[in-house]
Amino acid sequence: MDTKLYRIEDIEKDFKAIEEAAHLLRQGQLVAFPTETVYGLGANALDGQAVDRIFKAKGRPNDNPLIAHISKREDIEPLVLGVPAKVYPLIETFWPGPLTIILKKSSRVPAQTTAGLDTLAIRMPNHPVALAVIDKAGLPIAAPSANRSGKPSPTTAQHVLDDLNGRIPMILDGITPCSVGLESTVLDMSGGVPTILRPGAVTLEMLKEILGHVEVDKTVLKPLEKGQPPKSPGMKYIHYAPRAKVIIFRGTSLDRITKEVSRRAKEYVREGKKVGILATDETTHQYKGQDIISLGSRKNPASIAANLFSSLREFDDMGVDIILAEWVEEKGEGLAIMNRMVRAAGFRIIDA
Ligand code: TXA
Ligand code: MG
């Protein structure tokens, strides 16, 4: 299959491409498009066969449910059994935006979309291309991140092409980049205490301001214990992993972290390994002689979040064998950053 790549400069001027994408989606085909978090791989969320194509193209385990994307608030109602009162202020405050809300699903949503669960994850993305395509298709669009399963999520159309060229008919690119760079916060509102299953740019602190009590699932920074069923099936799989082996260095003293990273880097280089260091603006000057990428300033976690996935892919392009990464404080967006980083590292963490 040939993969068409269209660049959208202006929604109105380039509406033909939006129409073509919407047409493909209505026919049960797949279209990758940008959102403010990462690129999504879309299909009609109400068509089980279309959704099956997503799992095939990504190589995604079919017990991992998808998020339905909508373009208008009122589109939520037909997809769920009911919207609890406390969900409305969340929608008011954070939609369109990087918050996914899990509710009890209605019978219109096929089992493929939710991987057999009786709940559905829903979000309204904040990106003009995503909103235009969903709106034009007139359907809820199931869309996981548009990467091959297991790899870091794509934050550019080129990343999507690298992973899915020849496997999907169309990729839309353009207007604004994925400014957030990490996937949405997944919040379970389907009953009991509101629980963050996957942290994102809508932080625990922000949600607490609106909901009061909010829990964070135990597996956010820790591997799932054997025999314990995951609340969010996605969390049990290898995730966000570049080809290179990632090791994280954790500690309260940045000085100790950088010294330990430097020491280990030298050891690996002596063993003939190509080492990449994932640093921050505050620490880059401490390292010498290796390939170093700064994720941004520790004072600005949003920039670290925005650069994480593309930096992991950049190290792969450079042919790095081992990536040594620094822990960042897990408050605010830091929790989302570390949730992705510990999974990219397969939970290999060294205390410095
Ligand atoms: O920012 C995002 O959320 C991106 C863009 C494209 O919107 N999408 C995305 O989708 O990250 P995906 O499929 O890569 O991640 C969806 C996550 C998975 O961890 C999945 O297990 C969880 O949401 N999830 C989906 N439906 C769920 C449900 N009903 N119950 C629990 N977890 C669910
Ligand atoms: Mg994903």
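**Helix packing and a buried arginine**

The buried residues of helix H2 pack against strand E3 (40–44), helix H4 (111–114), strand E7 (141–142) and helix H6 (157–164). Here helices (H or I, at least four residues) and strands (E, at least two) are DSSP runs, numbered from the N terminus, "buried" means under 20% relative accessible area (1.4 Å probe, protein chains only; exposed is over 50%, partly exposed in between), and contact means heavy atoms within 4.5 Å. The model is predicted, with local features needing pLDDT of at least 70 and side-chain atom pairs pLDDT 80 or more, while totals for chains, interfaces and linings use all residues. Residues are numbered from 1 along each chain as its sequence is written, chains are lettered from A and ligands numbered from 1 in the order in which they are written, and side-chain values use heavy atoms, leaving out hydrogens and water.

H2 covers residues 48–58, and its buried members are Gly 48, Ala 50, Val 51, Ile 54, Phe 55, Ala 57 and Lys 58. Just past the helix, Gly 59 has a positive phi of about 70°.

Next come two helix pairs. Helix H1 (residues 15–26) and helix H5 (residues 128–137) have axes that come within 8 Å and cross at roughly 55°. H1 is therefore oblique to H5; angles under 35 degrees count as roughly parallel, over 145 as roughly antiparallel, 65 to 115 as roughly perpendicular and the rest as oblique. On the H1 side, Phe 15, Ile 18, Glu 19, Ala 21, Ala 22, Leu 25 and Arg 26 meet Val 129, Ala 132, Val 133, Lys 136 and Ala 137 of H5. Sorted by class, that contact holds nine nonpolar, no polar and three charged residues.

The axes of helix H3 (residues 87–94) and helix H7 (residues 204–211) come within 10 Å, crossing at roughly 130°, so this pair is oblique too. Pro 89, Leu 90, Thr 93 and Phe 94 of H3 touch Met 206, Leu 207, Ile 210 and Leu 211 of H7.

Finally, there's Arg 123, which sits in strand E6 (residues 119–123). With a relative accessibility of 2%, Arg 123 counts as buried. Its side chain makes polar contacts (N or O atoms within 3.5 Å, one able to donate a hydrogen and the other to accept it; residues adjacent in sequence count only if both atoms are side-chain atoms) with the side chains of Thr 35, at 3.1 Å, and Glu 36, at 2.8 Å.

Technical notes. Axes fitted to C-alpha atoms, helices over the stretch in contact; angles between N-to-C directions. Nonpolar A, V, L, I, M, F, W, Y, C, P; charged D, E, K, R; others polar.
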